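User: I am new to this protein and would like to learn how to read it, feature by feature. Please show me the model and walk me through it.

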Amino acid sequence: MVSALLHPLNRSFGYRLPDVRTLIRLSVTPVKSLRLSHPSAAELTAGGIPGDRRFYLVDEMANLFDATDHGPLLRIVPGYDPETERLRLTFPDGSVVEDAADRLEGKITTDFFGRAVDGHLVDGPFETAMSRYAGRPVRLARVTRDGDGQDVHPLTLVSSESVRDLGRRGAWTDLDARRFRINLEIEGCEPYEEDSWDGELVRVGEAIIRVRGQIPRCVVTTLAPDTGEKDFGTLTQLARYRPRIGGRGGLPFGVYAEVARTGRVRVGDPVELLSSRPTESTPVVGR
(Lines give C-alpha, C1' and ligand atoms only; values in the text may rest on other atoms or scores of the structure.)
Protein backbone atom coordinates (compact mmCIF):
# COMPACT_ATOMS: atom_id res chain seq x y z
CA MET A 1 0.00 0.00 0.00
CA VAL A 2 1.14 3.53 -0.79
CA SER A 3 0.80 5.71 2.27
CA ALA A 4 -0.95 9.03 1.72
CA LEU A 5 1.19 10.54 4.48
CA LEU A 6 4.45 10.10 2.61
CA HIS A 7 3.83 12.68 -0.11
CA PRO A 8 3.94 16.43 0.65
CA LEU A 9 1.11 17.11 -1.81
CA ASN A 10 -1.08 14.71 0.12
CA ARG A 11 -0.44 16.58 3.36
CA SER A 12 -1.21 19.97 1.83
CA PHE A 13 -4.32 18.86 -0.06
CA GLY A 14 -5.53 16.23 2.39
CA TYR A 15 -5.67 13.30 -0.09
CA ARG A 16 -6.92 10.03 1.31
CA LEU A 17 -5.83 7.09 -0.82
CA PRO A 18 -7.63 3.75 -1.03
CA ASP A 19 -5.93 0.64 0.37
CA VAL A 20 -5.11 -0.66 -3.13
CA ARG A 21 -4.73 0.75 -6.60
CA THR A 22 -7.96 0.17 -8.47
CA LEU A 23 -9.28 0.57 -12.01
CA ILE A 24 -12.13 3.06 -11.66
CA ARG A 25 -13.00 3.94 -15.26
CA LEU A 26 -12.62 2.66 -18.81
CA SER A 27 -12.96 5.18 -21.65
CA VAL A 28 -13.30 4.31 -25.33
CA THR A 29 -14.79 5.71 -28.51
CA PRO A 30 -15.25 4.02 -31.89
CA VAL A 31 -14.60 7.33 -33.69
CA LYS A 32 -11.57 9.36 -32.75
CA SER A 33 -12.49 12.78 -31.22
CA LEU A 34 -16.18 11.96 -30.73
CA ARG A 35 -17.86 11.42 -27.32
CA LEU A 36 -16.40 8.78 -25.04
CA SER A 37 -18.30 5.84 -23.59
CA HIS A 38 -17.46 3.99 -20.40
CA PRO A 39 -17.96 0.22 -20.45
CA SER A 40 -17.79 -1.74 -17.22
CA ALA A 41 -15.38 -4.26 -18.75
CA ALA A 42 -13.16 -4.70 -21.81
CA GLU A 43 -10.63 -7.05 -23.36
CA LEU A 44 -7.07 -5.81 -23.61
CA THR A 45 -5.43 -7.14 -26.78
CA ALA A 46 -2.28 -6.39 -28.76
CA GLY A 47 -4.18 -3.54 -30.41
CA GLY A 48 -5.48 -2.15 -27.14
CA ILE A 49 -9.24 -2.26 -26.57
CA PRO A 50 -10.94 -3.76 -29.65
CA GLY A 51 -12.88 -1.15 -31.62
CA ASP A 52 -11.41 1.82 -29.79
CA ARG A 53 -10.58 4.60 -32.29
CA ARG A 54 -11.31 2.19 -35.15
CA PHE A 55 -12.63 5.15 -37.14
CA TYR A 56 -11.32 8.68 -37.59
CA LEU A 57 -12.09 11.81 -39.58
CA VAL A 58 -10.14 13.44 -42.39
CA ASP A 59 -10.52 16.71 -44.23
CA GLU A 60 -10.59 17.25 -47.99
CA MET A 61 -6.78 16.84 -48.11
CA ALA A 62 -6.92 13.54 -46.19
CA ASN A 63 -5.38 15.25 -43.15
CA LEU A 64 -6.50 14.15 -39.71
CA PHE A 65 -9.52 16.19 -38.54
CA ASP A 66 -10.13 16.10 -34.81
CA ALA A 67 -11.31 18.16 -31.84
CA THR A 68 -8.28 20.43 -32.10
CA ASP A 69 -9.82 21.58 -35.40
CA HIS A 70 -13.45 21.61 -34.24
CA GLY A 71 -14.15 21.25 -30.51
CA PRO A 72 -17.90 20.52 -30.93
CA LEU A 73 -16.98 17.09 -32.35
CA LEU A 74 -16.99 16.03 -28.69
CA ARG A 75 -20.78 16.50 -28.66
CA ILE A 76 -21.44 13.76 -31.21
CA VAL A 77 -22.31 10.42 -29.58
CA PRO A 78 -21.13 7.41 -31.62
CA GLY A 79 -22.45 3.89 -31.31
CA TYR A 80 -20.82 0.95 -33.04
CA ASP A 81 -21.73 -2.73 -33.21
CA PRO A 82 -18.73 -4.70 -34.52
CA GLU A 83 -20.82 -7.84 -35.05
CA THR A 84 -23.29 -6.21 -37.44
CA GLU A 85 -20.83 -3.54 -38.59
CA ARG A 86 -23.33 -0.74 -37.98
CA LEU A 87 -22.22 2.74 -36.94
CA ARG A 88 -24.63 5.30 -35.48
CA LEU A 89 -23.86 8.97 -34.95
CA THR A 90 -26.21 10.99 -32.75
CA PHE A 91 -25.84 14.75 -33.20
CA PRO A 92 -26.56 17.42 -30.57
CA ASP A 93 -29.86 18.39 -32.26
CA GLY A 94 -31.11 14.82 -31.84
CA SER A 95 -30.67 13.79 -35.47
CA VAL A 96 -29.22 10.35 -36.08
CA VAL A 97 -27.22 8.98 -39.00
CA GLU A 98 -26.75 5.22 -39.13
CA ASP A 99 -25.37 2.92 -41.79
CA ALA A 100 -22.99 0.07 -42.51
CA ALA A 101 -19.41 0.81 -41.45
CA ASP A 102 -17.69 -1.78 -43.63
CA ARG A 103 -18.41 -0.38 -47.08
CA LEU A 104 -14.91 0.82 -47.86
CA GLU A 105 -13.63 2.99 -50.68
CA GLY A 106 -10.10 4.04 -51.63
CA LYS A 107 -7.03 3.62 -49.47
CA ILE A 108 -5.57 6.65 -47.72
CA THR A 109 -2.52 7.30 -45.56
CA THR A 110 -2.91 9.90 -42.83
CA ASP A 111 -0.31 11.61 -40.66
CA PHE A 112 -1.10 10.90 -37.00
CA PHE A 113 1.31 13.33 -35.35
CA GLY A 114 4.35 12.11 -37.25
CA ARG A 115 3.19 8.51 -37.72
CA ALA A 116 1.77 7.29 -41.04
CA VAL A 117 -1.53 5.43 -40.54
CA ASP A 118 -3.10 3.40 -43.34
CA GLY A 119 -6.85 3.30 -43.71
CA HIS A 120 -9.84 3.35 -46.05
CA LEU A 121 -12.55 5.91 -46.59
CA VAL A 122 -16.00 4.72 -45.50
CA ASP A 123 -18.88 5.00 -47.95
CA GLY A 124 -22.33 6.09 -46.84
CA PRO A 125 -24.19 9.07 -45.40
CA PHE A 126 -21.53 9.98 -42.84
CA GLU A 127 -19.69 12.37 -45.17
CA THR A 128 -22.73 14.59 -45.76
CA ALA A 129 -23.74 14.65 -42.08
CA MET A 130 -20.26 15.31 -40.74
CA SER A 131 -19.47 17.97 -43.33
CA ARG A 132 -22.67 19.81 -42.53
CA TYR A 133 -21.88 19.69 -38.81
CA ALA A 134 -18.25 20.77 -39.19
CA GLY A 135 -18.95 23.43 -41.80
CA ARG A 136 -16.34 22.02 -44.16
CA PRO A 137 -15.74 18.80 -46.14
CA VAL A 138 -15.10 15.92 -43.76
CA ARG A 139 -14.87 12.18 -44.46
CA LEU A 140 -15.07 9.15 -42.19
CA ALA A 141 -12.15 6.71 -42.46
CA ARG A 142 -11.34 3.35 -40.92
CA VAL A 143 -7.93 2.11 -39.80
CA THR A 144 -6.51 -0.96 -41.48
CA ARG A 145 -5.30 -2.40 -38.17
CA ASP A 146 -6.83 -2.10 -34.71
CA GLY A 147 -4.75 0.09 -32.41
CA ASP A 148 -3.49 2.38 -35.18
CA GLY A 149 -6.16 4.95 -34.32
CA GLN A 150 -4.34 5.79 -31.11
CA ASP A 151 -1.73 8.53 -31.26
CA VAL A 152 1.33 6.39 -30.38
CA HIS A 153 0.79 3.25 -28.28
CA PRO A 154 -2.46 1.27 -28.08
CA LEU A 155 -3.35 2.17 -24.46
CA THR A 156 -3.22 5.17 -22.14
CA LEU A 157 -3.36 5.39 -18.35
CA VAL A 158 -3.68 8.09 -15.68
CA SER A 159 -4.36 8.22 -11.96
CA SER A 160 -7.27 10.17 -10.53
CA GLU A 161 -4.85 11.61 -7.96
CA SER A 162 -2.88 13.30 -10.76
CA VAL A 163 -6.10 14.75 -12.16
CA ARG A 164 -7.16 16.07 -8.76
CA ASP A 165 -3.76 17.64 -8.14
CA LEU A 166 -3.85 19.44 -11.49
CA GLY A 167 -7.38 20.66 -10.83
CA ARG A 168 -6.56 22.05 -7.41
CA ARG A 169 -3.55 23.87 -8.78
CA GLY A 170 -5.96 25.59 -11.15
CA ALA A 171 -8.57 26.25 -8.43
CA TRP A 172 -10.86 23.52 -9.78
CA THR A 173 -11.74 21.00 -7.08
CA ASP A 174 -13.59 18.56 -9.36
CA LEU A 175 -11.68 18.51 -12.65
CA ASP A 176 -13.24 15.97 -15.04
CA ALA A 177 -10.69 13.33 -16.00
CA ARG A 178 -12.59 12.60 -19.23
CA ARG A 179 -11.00 15.66 -20.85
CA PHE A 180 -7.77 13.67 -21.11
CA ARG A 181 -9.51 10.91 -23.12
CA ILE A 182 -7.46 8.19 -21.43
CA ASN A 183 -8.38 4.50 -21.60
CA LEU A 184 -7.58 3.39 -18.06
CA GLU A 185 -8.16 5.62 -15.04
CA ILE A 186 -6.88 4.23 -11.77
CA GLU A 187 -7.12 5.32 -8.15
CA GLY A 188 -4.88 4.72 -5.17
CA CYS A 189 -1.62 6.31 -6.33
CA GLU A 190 0.51 9.21 -5.30
CA PRO A 191 -0.03 12.10 -7.73
CA TYR A 192 2.02 11.40 -10.89
CA GLU A 193 3.21 8.06 -9.55
CA GLU A 194 2.33 6.51 -12.93
CA ASP A 195 5.12 8.57 -14.53
CA SER A 196 7.67 6.55 -12.55
CA TRP A 197 6.40 3.27 -14.05
CA ASP A 198 8.00 3.82 -17.47
CA GLY A 199 9.20 0.44 -18.75
CA GLU A 200 7.54 -1.43 -15.89
CA LEU A 201 4.89 -4.15 -16.04
CA VAL A 202 1.52 -3.46 -14.40
CA ARG A 203 -1.17 -6.07 -13.79
CA VAL A 204 -4.73 -4.81 -14.40
CA GLY A 205 -7.36 -7.46 -13.77
CA GLU A 206 -6.48 -10.46 -15.95
CA ALA A 207 -4.14 -8.48 -18.23
CA ILE A 208 -0.59 -7.22 -17.90
CA ILE A 209 0.48 -3.97 -19.53
CA ARG A 210 3.85 -2.28 -19.91
CA VAL A 211 4.05 1.48 -19.42
CA ARG A 212 5.69 3.28 -22.34
CA GLY A 213 6.41 6.88 -21.38
CA GLN A 214 4.62 10.15 -20.80
CA ILE A 215 1.90 11.57 -23.04
CA PRO A 216 2.44 15.06 -24.50
CA ARG A 217 -0.85 16.92 -24.17
CA CYS A 218 -2.68 19.10 -26.70
CA VAL A 219 -5.39 21.76 -26.60
CA VAL A 220 -8.18 19.14 -26.51
CA THR A 221 -7.43 18.81 -22.78
CA THR A 222 -8.59 22.42 -22.32
CA LEU A 223 -12.09 21.56 -23.61
CA ALA A 224 -15.12 20.46 -21.60
CA PRO A 225 -15.62 16.77 -22.52
CA ASP A 226 -19.38 17.11 -23.12
CA THR A 227 -19.47 20.39 -25.05
CA GLY A 228 -16.08 21.00 -26.63
CA GLU A 229 -15.98 24.51 -25.16
CA LYS A 230 -12.76 25.74 -23.59
CA ASP A 231 -13.23 25.81 -19.82
CA PHE A 232 -9.86 25.09 -18.16
CA GLY A 233 -6.30 26.28 -18.82
CA THR A 234 -4.83 22.78 -18.75
CA LEU A 235 -1.65 23.55 -20.66
CA THR A 236 -1.05 26.81 -18.82
CA GLN A 237 -1.31 25.02 -15.49
CA LEU A 238 0.92 22.12 -16.57
CA ALA A 239 3.59 24.54 -17.84
CA ARG A 240 3.84 26.08 -14.37
CA TYR A 241 5.10 22.94 -12.65
CA ARG A 242 5.73 20.06 -15.09
CA PRO A 243 9.00 19.87 -17.08
CA ARG A 244 8.53 19.34 -20.79
CA ILE A 245 9.20 15.85 -22.12
CA GLY A 246 12.88 15.61 -23.01
CA GLY A 247 13.32 19.25 -22.08
CA ARG A 248 11.82 20.63 -25.31
CA GLY A 249 8.89 18.33 -25.99
CA GLY A 250 5.24 18.50 -25.02
CA LEU A 251 3.75 19.02 -21.57
CA PRO A 252 3.24 15.60 -19.96
CA PHE A 253 0.11 14.22 -18.37
CA GLY A 254 -0.73 10.51 -18.19
CA VAL A 255 1.28 7.67 -19.71
CA TYR A 256 1.18 5.37 -22.72
CA ALA A 257 1.08 1.59 -22.39
CA GLU A 258 1.15 -1.56 -24.48
CA VAL A 259 -0.28 -4.99 -23.72
CA ALA A 260 2.19 -7.62 -22.52
CA ARG A 261 -0.43 -10.25 -21.65
CA THR A 262 -3.93 -10.13 -23.03
CA GLY A 263 -6.90 -10.44 -20.71
CA ARG A 264 -10.16 -9.02 -19.51
CA VAL A 265 -10.31 -6.00 -17.22
CA ARG A 266 -13.27 -4.74 -15.24
CA VAL A 267 -14.00 -1.56 -13.34
CA GLY A 268 -13.08 -2.32 -9.73
CA ASP A 269 -10.19 -4.63 -10.64
CA PRO A 270 -6.98 -4.26 -8.62
CA VAL A 271 -3.97 -2.67 -10.29
CA GLU A 272 -0.57 -4.01 -9.24
CA LEU A 273 2.89 -2.76 -10.16
CA LEU A 274 5.16 -5.71 -11.01
CA SER A 275 8.96 -5.79 -10.89
CA SER A 276 10.42 -5.82 -14.37
CA ARG A 277 13.45 -4.75 -16.36
CA PRO A 278 12.61 -2.29 -19.15
CA THR A 279 12.73 -3.79 -22.65
CA GLU A 280 12.70 -2.28 -26.12
CA SER A 281 9.70 -4.36 -27.21
CA THR A 282 7.26 -6.62 -25.43
CA PRO A 283 5.84 -9.76 -27.09
CA VAL A 284 2.11 -10.12 -26.51
CA VAL A 285 1.11 -13.31 -24.71
CA GLY A 286 -2.42 -14.70 -24.74
CA ARG A 287 -4.16 -15.94 -21.67
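**Reading the model step by step**

Analyst: Helix 3 is followed by A171, which has a positive phi, near 60 degrees. Helices (DSSP runs of H or I, at least four residues) and strands (runs of E, at least two) are numbered from the N terminus. This is a predicted model, in which local features need pLDDT of at least 70 and side-chain atom pairs count only at pLDDT 80 or more, while totals for chains, interfaces and linings use all residues. Residues are numbered from 1 along each chain as its sequence is written, and side-chain values use heavy atoms, with hydrogens and water left out.

User: How many helices and strands does the chain have?

Analyst: There are four helices and 16 strands in the chain. Of its 287 residues, 54% count as buried; buried means under 20% relative accessible area, exposed over 50%, and partly exposed in between (1.4 Å probe, protein chains only).

User: Which residues of helix 3 are buried?

Analyst: They are S160, E161, S162, V163, D165, L166 and G167. Because seven of the 10 residues of helix 3 are buried, the rest of the structure largely encloses this helix.

User: What describes two packed helices?

Analyst: The general idea is that the angle between the axes and the distance between them describe the pair. Here, helix 3 (residues 160-169) packs with helix 4 at an angle of about 95 degrees, their axes being 10 Å apart. Axes are lines fitted to C-alpha atoms, for helices over the stretch in contact, and angles run from 0 to 180 degrees between N-to-C directions. The two helices are therefore roughly perpendicular, since that label covers 65 to 115 degrees, with under 35 roughly parallel, over 145 roughly antiparallel and the rest oblique.

User: Which residues of helix 3 and helix 4 make the contact?

Analyst: Helix 3 brings D165, L166 and R169, and helix 4 brings T234, Q237, L238 and Y241. Contact means heavy atoms within 4.5 Å.

User: Which residues have the most contacts inside the largest nonpolar core?

Analyst: A nonpolar core is a set of buried Ala, Val, Leu, Ile, Met, Phe, Trp, Tyr and Cys residues joined through side-chain atoms within 4.5 Å. The largest one here has 22 residues, and L23, L44, L155 and I209 have the most contacts inside it. Elements giving two or more residues to this core include strand 1 (22-26), strand 2 (41-44) and strand 13 (207-216). Another core, of 20 residues, lies apart from it, with L34, F65, Y80 and A101 among its members.

User: Is R142 buried or exposed?

Analyst: R142 is buried, with 13% relative accessible area, and belongs to strand 9 (residues 138-143). A polar atom of its side chain lies 3.0 Å from the backbone oxygen of A101. A polar contact is a pair of N or O atoms within 3.5 Å; within protein, one must be able to donate a hydrogen and the other to accept it, and residues adjacent in sequence count only if both atoms are side-chain atoms. Beyond residues up to four places away in sequence, R142 touches Y80, E85, D102 and D118, among others.

User: And where is R244 found?

Analyst: R244 is in the loop between helix 4 (234-241) and strand 14 (252-261). With a relative accessible area of 43%, R244 is partly exposed. The R244 side chain reaches the backbone oxygen of G249 at 3.1 Å. R244 also lies 8.3 Å from P216, C-alpha to C-alpha, although the two are 28 residues apart in sequence.
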